[in-house]
Structures are given as structure tokens and as C-alpha cells.
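This briefing is meant to be read with the sequence and the structure side by side. Please take a moment to find your way along the chain before going on to the points below.

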Amino acid sequence: MASSTEAQVITCKAGVVWEAGQPITIQQIQVAPPQSKEVRIKITHTSLCHTDIYFWKGKDGGAWFPRILGHEGAGIVEGVGSEVTELKAGDHVIPTYMAECKECELCHRGKNNICQVFRFNFMSGVAYTDQKCRFSVNGKPIYHFFGLSTFSEYTVVHASCVSKVNPESPLDKICLLGCGVSAGFGAAWNAGKVKPGDSVAIFGLGTIGLAVAEGARIAGASRILGIDIDPRKEEISKRFGVTEFLNPSDLDKPIQEVITEMTEGGVDSSYECVGRVELMLCALQCSHPVWGKTVILGLDEIDKKMCFSPLELHDGRKLKLAPFGCLKISDVPKLVDKYMNNEFDLDKYITQRMAFSDINAALEILLAGKCLRCVLYMDHD
């Protein structure tokens, strides 16, 4: 059944970043109706991710301001545009930056999880359908983020970026599956292809790194090495499957040398979850030189380069980036079902719950490294 507002402009609250690095302004905005192949979603819960901070600081070049950030959320479909057949008003959904349009050459080839809609949304600030904004403030366009912008009570998303999920699943928890936790699980299962008995090394024990650890544990890894400079992460990481914790600050030789010695040649797979090119190189060099796989999940500043000799890959080592952990959007409902079947727990990733109006305080907590995920409730004042 269509909602009463489906074809109308909606005025609602949103968090707008007017300039790079400036506080997020909570204000009323206008959200246009969905166009062809688009869906308008009432966001009920959203959480903060370090990727939001990366773009909030303008590290991508800072071209798209003013902007509404946010890419890890969940909600309920309010209305759909023409040509949308698999979603309807009232559906519970998780929007994701990963797309699966099933129409472009990339989807038809099926070589990986990359879709042309994703490639456009990732570095754009307008809607894929017509390259215009669906958000505005008194007629002034407000740019999109990753095609999602979940820091808004209502958002318009391309239908290929929306996963319909079990309506019984709690939106305040499954919102985490829109990015970090899914990316970590997928990195271990799809990109690193962890097998029983494997050894893995994880650089950075934030939400994504801990999800990699849990994914590796579920896959049967026997040694899960967690690397972080924050000593508080040692105890926390054990709850997610880390078997050995290493703080590079406590070592008298490079971390990659220590790991190589500990594992008698290198780990089966390594994961960089911070977004620093020097750590990406450490991750590469601690993987086994013949069969090791290194998976990059972090983003460094756009002009930073990773430099190494091609001989590092001579004997068979593999290096790859893994957007969304190499998962497809069609995998998201399956993860929700796994959660509902108690195959993993999402509560332990949530360290704070706050009202959306407190988003700047939540941002400060994340910047200070005092949380994993802070879930923001749209209906709390």
C-alpha cells in the first residue's frame, strides 16, 4: 500500500556538513520523491563509521559540500519510483553503497561484486538516475554521499543499493550490516578465503578488524593475530576471536618480521583495516610469500601511494582491495538471517546508543577511539 507522502516532497531533519571538517548541522531539509528505479526510505537507525570521518574531513578532495553523510543504516521503505518491482512501501531494508543493478556489463560479467551504480556513487554527490540532488534546503541542493546519506530521516536511494530483509530483525542492530561488520565477514570469507587451520593477521582492531577476526574464527582459523597500538584492544579483541595480540609499540623489530618469525614463514592471509599505506605494506610483507593473501579494507588519503618491489609478489603472494568485503548486496539478507539464527552477535559491536541530535558528540567519541559502533536513533530527541 502506498504511503500518503509517496509522491510529495518531504520536509525532515538531517545532519548537513556545510564545509569539510565543520560540525554537522541538524536542520530541516526537503527530500524529493523517488524517481525511476529509486526508493525513498525512512531511516530509523544509523551508525557512525570511520569512512564517514574520512569524507567529512574532505580527504577525497572535498568537492562535494554541502553534503549529507552516513552510509550504515536501516529503515522502512516510504515510497518507490517507477520501474521498481522488488520493493514496496513498508518493507524493512538495509541500504548499502554496494550495488547490484543486474543490467550493466559489470553485473552481467559477474567477475566480482562491482556494479556501475557503485562506481558512480562512490565518488559522486548526485543521484545516479539523472545526476541531480534529491536533497535541498530552501531550494539550495545538498549533495548525496555514497548514494545513501543515512544521516537524514528520509533518503532517496537507487533500488539496486537496497536489500529487503526479515521484518522481524531489529533495525537498531542490523543497521551495522550496511558496512563494517559485513565488510569484515566478507573479507575473511570471500577475499581471504579463510579455511580451517589457517593463520591470519589483522592490522587495526576497530569494528571492521574485529569483524574480520570473528569471520576468521567462524571459518575455523587456528591462529588469529590482532595488531593494534591501543592496549585496550587486547582484552576486547579476545571476545571476537583474536588468539594473539601484538602492539607494535612494544616490539624491538618491525611487526612484519615478528609475525613472519612467529608463523614460520608468514600468515595465510592478512588484512589492513586502518587506512595507512605503511600498514598495507606491513600486511603484505607478513603474508606467506608463496600462498599468502593480503586484503586491504582501509582508505588512506587520496594522494598516498603504496610502494613496493614487484618481487614481493614473485612467488605467488596476492594483494587485493575488497570493497564491502567482496560481498554482493544480495548477500546482506543472508547475513541478517544468520544473525537471527544466532550464528553471530551484533550487540558486542555496539558500544554506545545515542539520539541522532547528539551526532556531533558521537563523532567526537569515535574520533577519540572510545567506541566501536555508536547507533543513532532517529526518533529520539
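Leaving aside residues up to four places away in sequence, Ser36 touches Ser82, Glu83 and Thr129. The model in which these contacts are found is a predicted one, and Ser36 itself is placed in the loop between S2 and strand S3 (38-47). Between Ser36 and Ala211 there are 36 Å in space, taken from C-alpha to C-alpha, and the two residues are 175 residues apart in sequence.

**The four-stranded sheet**

- Four strands, in the order S1-S2-S6-S7, form an open sheet in which the pairing is antiparallel.
- The edges of this sheet are taken by strand S1 (10-16) and strand S7 (140-142), and because each has a single partner strand, one side of each is left without a neighbour in the sheet.
- On average, and with direction ignored, neighbouring strands of this sheet are turned by 50 degrees against each other.
- Strand S2 (residues 25-31) runs antiparallel to S1, and seven bridges join the two; as one example, Ala14 has Gln27 in S2 as its bridge partner.
- As background to reading any such sheet, the side chains of a regular strand alternate between the two faces of the sheet.

- Another open sheet is formed by six strands in the order S12-S11-S10-S13-S14-S15, and here the pairing is parallel.
- Strand S12 (244-246) and strand S15 (318-321) stand at its edges, and since each of them has a single partner strand, one side of each lacks a neighbour in the sheet.
- Neighbouring strands of this sheet are turned against each other by 15 degrees on average, again with direction ignored.
- Within the sheet, strand S10 (residues 199-203) and strand S13 (residues 269-272) run parallel and are joined by four bridges, with Phe203 standing opposite Glu272 in S13.
- Helix H5 packs on the sheet, where it touches S13, strand S14 (293-296) and S15, and the direction of H5 makes about 150 degrees with that of S14.
- Helix H9 (residues 277-285) lies across S10, S13, S14 and S15, and it runs at about 175 degrees to S13.

**The contact between two helices**

- The axes of helix H5 (residues 180-191) and helix H6 (residues 207-219) come within 7 Å of each other and cross at roughly 45 degrees, which means that H5 is oblique to H6.
- The crossing in which H5 passes H6 is right-handed.
- Among the residues that meet here are Val181, Phe185 and Trp189 in H5, and Ile208, Ala211 and Ile218 in H6.
- Sorted by class, the contact of H5 with H6 has eleven nonpolar, four polar and one charged residues.

- Strand S16 (residues 350-355) and strand S17 (residues 373-377) run parallel and are joined by five bridges, and the bridge partner of Met354 in S17 is Leu376.
- From S16 the chain crosses through helix H11 (residues 359-367) to S17, in a β-α-β crossover that is right-handed.

**Backbone points to look up in the loops**

- Most peptide bonds are trans, and most residues other than glycine have a negative phi.
- What kind of peptide bond joins Phe65 and Pro66? The bond is cis, with an omega of about 0 degrees, and Pro66 has its place in the loop between helix H1 (50-56) and strand S4 (73-80).
- Lys102 is not a glycine, and yet it has a positive phi of about 65 degrees; this residue is found in the loop between strand S5 (92-95) and helix H2 (105-109).

How values were computed
Residues numbered from 1 in each chain as written. Predicted model: local features only at pLDDT ≥ 70, side-chain atom pairs only at ≥ 80, totals over all residues. Heavy atoms only, no water. Axes fitted to C-alpha atoms, helices over the stretch in contact; angles between N-to-C directions. Parallel < 35°, antiparallel > 145°, perpendicular 65-115°, else oblique. Left-handed = near helix turned anticlockwise from the far one by under 90°. Contact = heavy atoms within 4.5 Å. Nonpolar A, V, L, I, M, F, W, Y, C, P; charged D, E, K, R; others polar. Pairing = 2+ DSSP bridges. Right-handed = clockwise from strand over helix to strand, strands pointing away.
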